[in-house]
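Take a walk through this model, one element at a time.

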Amino acid sequence: MRAVDAQWAWSPYVPSAGAPWDRRRAAHLYRRAGLGADAPTLDAALRMTPAEVVDSLFRAGPDADRFDRSAAALANATLAFNDPKRLSAAWVYRLAFTPEPLRENMTLFWHGHFATSADKVDDAKLMWRQNELLRRHALGDFKELAQRIAQDPAMLIYLDSAINRKAHPNENFARELMELFCLGEGHYSEGDVLELARCFTGWEIKNDRFRKNRYQQDTGEKCVLGVRGKWDGEDAVDVVLQQPSVELFLARKWYRYFIADEPAPSDEFLQPIAQTFREHDLETAPAIGQLLRSSWFFSEHAIARKIKSPVNLVIGMLRSLSCTTNMDQVATSLIDIGQGLFYPPNVKGWEGGRDWINSSTLLGRSNLFAKILDDKTTRFGGTTLAGYLASLDKHDAQAAIDFFESLLLAVPLDGETKRDLLQAAEQIGGDFERSLRAVLHGIVSLPQCQIA
Amino acid sequence: MLAQVFRTRLAIVACIVAATSIGLPADLVANDREAADREATDREIAEAGIAGLFPRSIAAFAKCDDLGNAVQIVLNHPLRNRIEALPAYQAATASAGYANAKLAIAGFENTMQMSLPEALDRLSDRGIGIGVEPSGGVGLVMQSSDVAAMEKFRNLLLAFLPKKDGDISAEQKTYRGVPVYLLKDLILVQVDGTLLICNQRDLGKVIIDRMLEPDDNSLAQAPNYLASCAELAPAESQAAESLAAESQAAADDRPVTPQNARLISAYVDLQAAGKLGWANDALKEKQDDFGAEVIFGGVLSNLRQTSRLSLSLDLSPSDIRLRLASPHQRDWEPPREYYFGEASAAAVAPPLIELNDRLFALSTHRDLSQLWLRSGDLLSDAAVDGLAKADSQLSTFFSGKDFGEDILGSLNSGIQIVGRVADPSEQLPRPAIQLPEFAMQFRLKDPAETQREFRRVFQSFIGFLNVVGAMNGNPQMDLGMETVKGSSGVAQLVTSSFVAGEDERESTAAPIQFNFSPTLGFAGDVMVLSSTTDLAKDLVAMTHPSASQKNDLGASQRNDPNTVLGINASASQTILKANQDQLIASNMLSKGQTRDEAAAEIGLLLEGVGLLKDFRVDLRFDDQRMVLSADLGVQP
């Protein structure tokens, strides 16, 4: 990677004979940025330039408002039960059907970044408020998002910072703000943690609302990251965000989220993205846009270089095949295979990469698809899988395998695997629907399908 | 694809019909003597009915003598137009499934050369019956006066029923000169207008023997079966009502629309059914579940001792009625006197509580004290252990008083439960999920002695809930006392209500707890335990002194209901409508549908409930019979 020219890597992708704008690259873009796309969406993408498709991912479509209202009503209805697991299902629904998949994907990114677990917060309403906050700022101003998250009741409850008195400043939030949210390890000292914690004294959660208790606020002078002043919490967040390591810290996280788990790129390589982020006053969209439009993103260095997260795997299948199913079941199963929405494992969020896969989660992934495909509510394009494929002019198992491969897999299947799949379908015989579902289950359980 | 299969099979049917009429004419021509013998046999079979074809050993038998009328009632029902106007019905008629069903019906009608209702009527004008043997053998018999129609139907079945592996047509053999068709798992036989489909050769032979030579040893002559038929005879008033309506229609020169039709009469020989393993668990001497014992204990104990069970299902334009009957004897009642009452008194339920917007009401006779104290005789060891633990805790809660003897013993045996649609439109905070109000009403044997005890325990209980609620961050409850004037004098209420937090006072999506304001009320000898203060106030206001109640034991008859349940469909619809958003959300999540699709499905559910009127169940015992009746009323 050292030999790669960063200037070229982050310059806009121009299709060429060696790297054509084809179905494979369009599917790659949607898999990484758009949570997956069905065949008509990919066909439409190929009629546009890559840059136009990326631009369209940043724009809210004509149905976005209507969907947003409907999804919000759904989430609000689930709040009546005060069960975060029901709320988790409402988010799965949103991920599966949203007309703004990049925004939703970024909401998921921020959920892992500002990790907050319902296991501890135990209040669906607060988790939902935080989720709406993340969605609202998903592609917007990071400074604003950081300020809001610093006062978010769910976050402060999760980090034991619901009560922060001047006599005993709580260091948790101060530490995580620098280590996990903005700067990363090695860019602050223990003294900075103590001083920063003093800035947040008097910040409390009462009756599920943020408030400042002026009697508990330390109004004295603090020295945070070498800057002196009588800072309160908002000032302190600004001081942290002015640090030059902010942009590189986030550029690295986005690289890992959108491009490749490994190898880790050098600071120099990421500098152009970091620079764009800072130049746009920490607005997220320009940096993400540069990343998604880049030659590097569409190169072989990025395609099939990530292990799919459980959400990417399942939602990708649902979106790619216009599949509707029991969302409660999907939400519960996501918890079982390591990515329960609203249930990140700890304050660091999901580690991702190779951590997604072990013998237990691999089996869990396969079992989840078995459950989905066995569920009588599961439909494809509102009909059976056979009916859906027939509407796309795919009438036999061979055509179905090729179709699933083009939508779901980043690496092509070898002939032997295809023959095995075909043989498995033929062994089931008579019931065409059953044999198609068995083929689909076989494909989504393959190691190749775990890679994006 | 289905259409193609259907067309191919129709062609096969046409070939079979042609072959039958061309190749076998000589077989169909009988001489005069044979014809006369056959007519005599037919007469005997008709007199014995379909039950006359089955052996006495049959474990369960069901028949329909009036399918044509039942079909007419359904087709001519005023609701039909409303159902056909539903958007869901319109959508269903546009589906591929509907088109396939229409094609299948058209094929059937084309083969039979008559409409489907006419064919159903014609093919079953002498009845349809199904019997199950203890060995698992099942036989279905249809009898028609139209031999030619039955023959066409037989050919249709031969074309469509699965054949033995690899066979294109059914294998044919003869038994006593009768052609028997051997299919994959079934045999099919037609003798004149009688058609038999059976899954066991031995049972098939027995039935064919009776089709050829009726005898006096069939199910039709079995005393148990005859007694069952007598139990199921329609009430005289019902028959007279039906006859009068039909006579009036004839006098007015209007088409006669059937008023009542018996869709199903069924008989179960419980001893024989036991060999099939039916309900063996439920009919255990001791129940595992306390709730099941309270609700069904008496019924199940009766079924354990009786020899038969009879069932009928009647249709009329206004309702669907199910009736289950079995013999009953007073000496079968011990040790369940808590359910059946003591020998000297009737175990009669108090009247159902009548309220506006009533969702449901249940009234029953249960001596809970006796049930509690006799639990060792009635429940399994595991259930008794659970009850013993509860008894110890409850006795502590009631200041050391014996819960079974002193607390439950202070209540009379009549229990009334009622549910009502709550009206939260004026209420703030308003809960996001709107639940109905419900209450239980008892009569105290000695109000002066026990009111104070119940009041104190209720207050302690609310305090306990407050402590637990505070630990879990739930809203707290405020206790209060009120007096209201009721029919039986001044009533006293111990009220409680949830206190809303500052930011929840105006909420229209408050937590579910705000559906409740638990209240205990006393009016004379009546004690009301209600989920809301409003319902408790209404109940104590309408309470009458026990002497004027119908449940005064002296005025009750032995055959008055022991248990009555009434459910009102329009109130159910109101509750569902109030929670429509929640139902839509649940549907979206459980099926992944869009909001519009989910709303359409829930809308259909609401419309479906709107077609119903009410549902009533009552259970009666007298010295000879137990009768359980269920009546589902539909909108006229």
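Predicted model: local features only at pLDDT ≥ 70, side-chain atom pairs only at ≥ 80, totals over all residues.

Helix 20 of chain B covers residues 447–471.

Next, a strand of chain B. Strand 1 of chain B spans residues 60–64, and four of its five residues are buried. Strand 1 of chain B has strand 2 of chain B (residues 128–132) as an antiparallel partner, joined by five bridges. In that pairing, B:Cys64 is bridged to B:Ile128. Strand 8 of chain B (residues 261–269) also runs antiparallel to strand 1 of chain B, through four bridges. There B:Lys63 faces B:Ser265 as its opposite residue. In a regular strand, side chains alternate between the two faces of the sheet.

Now chain A. Its secondary structure amounts to 24 helices and six strands. Is the chain compact or extended for its length? Chain A has a radius of gyration of 23 Å, close to the 22 Å of the globule rule for 452 residues, so it is as compact as a globular protein of that length. Along the principal axes, its C-alpha atoms fill a box of roughly 80 × 55 × 45 Å. Of the 452 residues in chain A, 48% are buried. Contacts reach across the sequence too: among those in chain A between residues at least 6 apart, 72% join residues at least 24 apart.

What sits inside? The largest nonpolar core holds 150 residues, and A:Val92, A:Tyr93 and A:Ala251 have the most contacts within it. Helix 6 of chain A (residues 84–97) supplies the largest share of this core, nine residues. Another core, of 94 residues, lies apart from it and includes B:Leu270 and B:Tyr339.

Beyond its neighbours within four places in sequence, A:Tyr93 contacts residues including A:Leu74, A:Met327, B:Met588 and B:Leu589.

The contact between the chains draws 18 residues from chain A and 18 residues from chain B. On the chain B side, helix 23 of chain B (residues 580–591) gives the most, seven residues. By class, that side has eight nonpolar, five polar and five charged residues.

Definitions and conventions:
Residues numbered from 1 in each chain as written. Chains lettered and ligands numbered in written order. Contact = placed C-beta atoms within 7 Å. Helix = DSSP H or I, 4+ residues; strand = E, 2+ residues; numbered from the N terminus. Nonpolar A, V, L, I, M, F, W, Y, C, P; charged D, E, K, R; others polar. Expected span 1.5 Å × (residues − 1). Core = buried A, V, L, I, M, F, W, Y, C linked by C-beta atoms within 7 Å. Buried ≥ 20, exposed ≤ 12 C-beta atoms within 10 Å, placed from the backbone. Pairing = 2+ DSSP bridges. Rg over C-alpha atoms; globule rule 2.2 N^0.38 Å.
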